[in-house]
Amino acid sequence: MIEFRKSILNNGLRVIVHEDRSTPLVAMNILYDAGSKDEDPDLTGLAHLLEHLMYGGSANIPDYDTPLLLAGGENNAFTNNDITNYYITIPSENIETAFWLESDRMLDPDFTREKTEIQKNVVIEEFRQRYLNQPYGDVMIILRSLAYTTHPYKWPTIGTDISHIGRITNENVRQFFNANYAPKKAILALTGNIDPSMTFDLADKWFGSIPGRNAGTRSLPQEPEQQKAREITVKRNVPSDALFKAWHIGPRTAGDFYTLDLLTDLLAGGESGRLHSRLVRDLNLFSEINAYITSDFDPGLAVISGKIMKGVDIETAENELIRVIEEFKDGAVSDTEMEKVRNRYETSTVLSNTNILHKAMTLCMYELLGNADMINTDAANYRNVTKQMVSESAIRYFRPENCSTLHYLSDKLDE
Amino acid sequence: MENFRTKQPPVKTVSAITGIPVENRVLKNGISLFMINAGTEDVARIEFVFRAGMAMESVPLLAGITNMMLSEGTWNYTAEELNNTLDFYGIFQNLTTDRDSAGLNMLFLNKHIEKAMELAGEILFHPVFPEKELNLMMKKRLAGYRISREKVQNIASDCFFESVFGRNHPYGRPVEEKDFEAITPALLRDFHSAYYTPRNMAAIISGKIHENTPYLFEKYFGSFTDSSLPAGNSLKAINGQDAAKIHIEKPGSLQTAIRIGSATINKRHPDYPGLKILDTILGGYFGSRLMKNIREDKGYTYGIHSSVTSLDQSGYKVISTETGKQYCTLTIDEIYREIRILQKEHVKNDELEVVRNYMSGEMVRMFDGPFAIADSFKAVWEFGLDFSYFNRMMDTVKTIDPEEIMRLANLYYNIDDLHEITAG
């Protein structure tokens with residue numbers, strides 16, 4: 001049981017505190033309800049570039065990093081399709097420095113043309129390093145644009161293309177900040193060695209005076225239901241063929257999220273997952289195979305990805321993969337397998353509760369989804385999943401006409 | 001009204017680490033057991049460590065494959081039964097091989113501790129190395145190897161170690177495709193019986209530790225015996241390699257990976273804490289000189305880092321980055337320029353203050369929670385040191401002066417001794 005207290009400041013900022021005295025540190029997490037789905041389709045990558053620029057100093061603090069380092073703190077951030085998330089861990093005696101830094105950049109970050117140009121370059125190098133110059137690095141770029149025709153999930157957080165990042169201006173950055181970084185679109189969580197009432201006082205002192213800016217309301221084009229199987233084949237300079245399949249599922253808040261999460265664990269969790277034991281161990285068709293759901297806030301994807309063993313035909317491998325999924329529809333899952341995935345879930349939950357930063361991030365994310373207390377109630381939702389729910393979900397979502405398939409082929413195997 | 005936002009709230013320098021209790025026992029058969037009792041959740045981690053790393057192997061891949069094959073079938077479990085059982089009890093296991101050591105990590109809820117121990121005993125002391133599983137393992141690893149050879153980071157790193165430690169020492173010996181054909185069950189069995197022995201092992205358990213833990217270790221591990229074959233001393237001498245400049249062309253690559261560094265001292269050397277501080281200033285944290293200059297001021301790269309790593313028989317320091325091809329030469333020039341500045345100019349006090357406080361904060365993180373404490377313990381225990389190493393480090397962080405940093409920069413960063421590797 002994670003106990004926490006919650007308060008809402010006058011400007012709309014939600015503040016959550018969880019006390020854990022087993023650590024000398026405090027974790028501060030700030031989630032902004034702004035992600036790459038909020039971007040203009042011609043200026044993708046902007047939300048993530050803004051995350052970089054938030055480190056360029058703010059109205060009263062020319063340099064973000066040095067004061068934090070002086071206080072023994074450490075920080076980082078990430079952006080995804082739904083949110084932008086900033087976090088700090090810091091010795092508890094210096095926590096006020098974290099309040100000072102984060103509130104000042106929520107109030108008024110200092111975007112200059114020069115810094116924007118440099119960070120555009122840094123992000124373009126990041127794009128090359130992580131997506132373009134890695135074997136299979138562009139898979140999700142291709143798969144998203146195949147699976148989505150309409151919803152902004154069709155582009156990746158890094159951006160559709162380097163040219164988009166190149167043409168973002170300082171004005172675009174400022175505009176995106178104003179539209180998305182208002183206090184009422186943010187959630188602040190503090191966890192660790194800290195007193196809750198002192199924390200609320202500090203939150204009020206540092207964040208309370210930030211004007212409750214008017215944030216834009218979000219209205220995103222929704223993805224129409226997929227009617228027909230989609231397939232694309234690309235050839236790349238990679239050593240082995242790879243197969244990627246994505247099925248549309250519901251949003252994170254849908255009742256069957258937990259079923260699908262366990263379903264992908266039944267498929268590919270641990271070495272004993274069915275896909276792994278059948279397709280890698282028994283049949284030697286894949287050298288590795290994975291399954292996961294994207295956990296997106298809007299309707300997301302269930303994805304299966306696998307690297308094909310050398311000498312194996314990709315169609316053969318794909319047919320056997322589909323055969324395993326068909327077994328799930330026929331209700332082939334055993335009670336033992338169900339208990340196994342529940343036990344695995346239990347261990348990973350207990351483990352994540354040993355980490356204050358993880359708890360802070362989870363509290364913020366659940367609060368945005370509707371209720372921070374889901375950190376405590378989710379376990380029951382997982383426990384309540386039955387075999388029948390698994391086969392129903394498999395039947396409902398794992399249909400050929402709901403699927404996008406990417407055949408990612410090696411051009412070396414032709415030679 | 002005065003703007004209260006312009007001034008940083010008062011900051012305290014965090015204090016030194018207080019003593020961390022590590023309880024040590026030796027089982028009847030010689031296994032060393034270390035227990036670190038801390039944490040809020042009823043969960044524990046056991047790390048089983050053997051001196052069975054790459055340094056001990058006679059042919060490439062042998063240490064790593066022996067380790068990976070431990071859970072591919074044992075006296076009492078097939079690979080499938082083992083995987084099913086581990087997953088059923090929600091026990092997360094991880095087999096690892098480093099340059100000097102190898103072993104097994106297990107994370108579990110305490111209610112499953114006996115199952116975890118029983119399975120760990122099977123995995124570590126009763127593997128059978130079946131041929132069929134070995135063949136599949138080699139196919140999977142070869143596929144992974146081929147992918148890793150497409151990454152400029154890996155190409156540059158492998159070349160760096162070969163250049164620094166020489167191709168005749170396991171620290172530097174490159175892996176080639178033909179090596180995947182040379183591994184046989186007999187080789188694995190010999191390596192296992194020589195190095196995976198009670199006397200060659202330690203177990204570090206951390207988390208919430210219950211009273212009966214030592215009894216359980218005795219029950220599940222106390223009866224394993226050493227094989228009659230003592231481990232041969234396979235350690236090879238490292239032949240100091242001359243500094244080299246090597247470029248590996250990778251057609252079509254969008255970036256160049258850069259590795260610049262050399263062999264250096266390890267944790268047992270009195271200069272090591274100071275060298276760590278120097279390395280931090282140069283490229284060891286987000287506010288480092290290399291990061292500020294090459295990423296934040298010039299935008300040549302997504303990231304640039306330097307690090308110092310201790311090995312049992314040596315150590316190395318390396319600066320690593322990936323840059324757009326057009327920035328490669330410019331980046332290398334700036335790296336050398338930053339080193340020369342450290343050799344010629346005293347570090348200013350305000351920068352040193354930032355590094356002192358940052359490193360103090362890092363030390364707090366290194367002792368935050370049972371698993372972090374266990375990692376820190378292992379990091380010194382493997383070198384025959386104890387927690388006093390961290391006190392020495394903390395003292396040096398607090399007291400080192402600019403003169404000493406300049407001395408270390410001149411002694412350990414002689415530019416003529418640095419190996420410069422580029423791939424892309």
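## Domains of chain B

How far apart do the C-alpha centres of domain 1 of chain B and domain 2 of chain B lie? They lie 29 Å apart, the domain assignment giving domain 1 as 23-221 and domain 2 as 245-423; such bounds come from an automatic or database domain assignment. The model is a predicted one, in which local features need pLDDT of at least 70 and side-chain atom pairs count only at pLDDT 80 or more, while totals for chains, interfaces and linings use all residues. Residues are numbered from 1 along each chain as its sequence is written, and chains are lettered from A and ligands numbered from 1 in the order in which they are written.

The contact between these two domains takes 25 residues from domain 1 of chain B and 31 residues from domain 2 of chain B, where two residues are in contact if their C-beta atoms, placed from the backbone, lie within 7 Å. On the side of domain 1 of chain B, two or more residues each come from strand 2 (32-37), strand 3 (43-50), helix 5 (152-165) and strand 6 (201-207) of chain B, and the largest share, ten residues, belongs to helix 5 of chain B. Helices (H or I, at least four residues) and strands (E, at least two) are DSSP runs, numbered from the N terminus. By class, this side of domain 1 of chain B has 14 nonpolar, seven polar and four charged residues; Ala, Val, Leu, Ile, Met, Phe, Trp, Tyr, Cys and Pro count as nonpolar, Asp, Glu, Lys and Arg as charged, and the others, Gly among them, as polar.

## Domains of chain A

Chain A is divided into domain 1 (5-207) and domain 2 (230-410), with 28 Å separating their centres, taken over C-alpha atoms. In the contact between them, 31 residues of domain 1 of chain A meet 26 residues of domain 2 of chain A. Strand 2 (14-19), strand 3 (25-32), strand 5 (84-91), helix 5 (139-147) and strand 6 (186-192) of chain A each supply at least two residues of the domain 1 side, which by class has 17 nonpolar, nine polar and five charged residues.

Helix 1 (residues 46-53) and helix 7 (residues 170-180) of chain A have axes that come within 10 Å and cross at roughly 90°, axes being lines fitted to C-alpha atoms, for helices over the stretch in contact, with angles running from 0 to 180 degrees between N-to-C directions. Helix 1 of chain A is therefore roughly perpendicular to helix 7 of chain A, a term that covers angles of 65 to 115 degrees. A:Leu46, A:Ala47, A:Leu49, A:Leu50 and A:Leu53 in helix 1 of chain A meet A:Asn172, A:Val173, A:Phe176 and A:Phe177 in helix 7 of chain A, and the residues of this contact divide into eight nonpolar, one polar and no charged.

## Contact between the chains

Between the chains, 56 residues of chain B are in contact with 61 residues of chain A. Among the elements that give two or more residues to the chain B side are helix 2 (79-88), strand 5 (102-109) and helix 4 (131-148) of chain B, while the largest share, eight residues, comes from helix 11 of chain B. The chain B side divides into 20 nonpolar, 20 polar and 16 charged residues.

## A six-stranded sheet in chain B

An open sheet of six strands in chain B has the order 1-2-6-3-5-4, with mixed pairing; two strands pair if DSSP finds at least two bridges between them. Strand 1 (23-26) and strand 4 of chain B stand at the edges, each with a single partner strand, so one side of each is left without a neighbour in the sheet. Neighbouring strands are turned by 15° against each other on average, direction ignored.

Strand 4 (residues 92-97) of chain B runs antiparallel to strand 5 of chain B, joined by six bridges, and the two form a hairpin with four residues between them. B:Leu95 stands opposite B:Leu104 in strand 5 of chain B. Strand 3 and strand 6 of chain B pair in the antiparallel sense over seven bridges, and B:Phe50 stands opposite B:Met201 in strand 6 of chain B. Helix 1 (residues 62-69) of chain B lies across strand 4 and strand 5 of chain B, running at about 165° to strand 4 of chain B.

## B:His192

B:His192, found in helix 6 (residues 185-195) of chain B, is buried, with 21 other C-beta atoms within 10 Å, where 20 or more such atoms count as buried, 12 or fewer as exposed, and anything in between as partly exposed. B:His192 touches B:Thr66 and B:Pro127, not counting residues up to four places away in sequence.

Technical notes
Angles under 35 degrees count as roughly parallel, over 145 as roughly antiparallel, 65 to 115 as roughly perpendicular and the rest as oblique.
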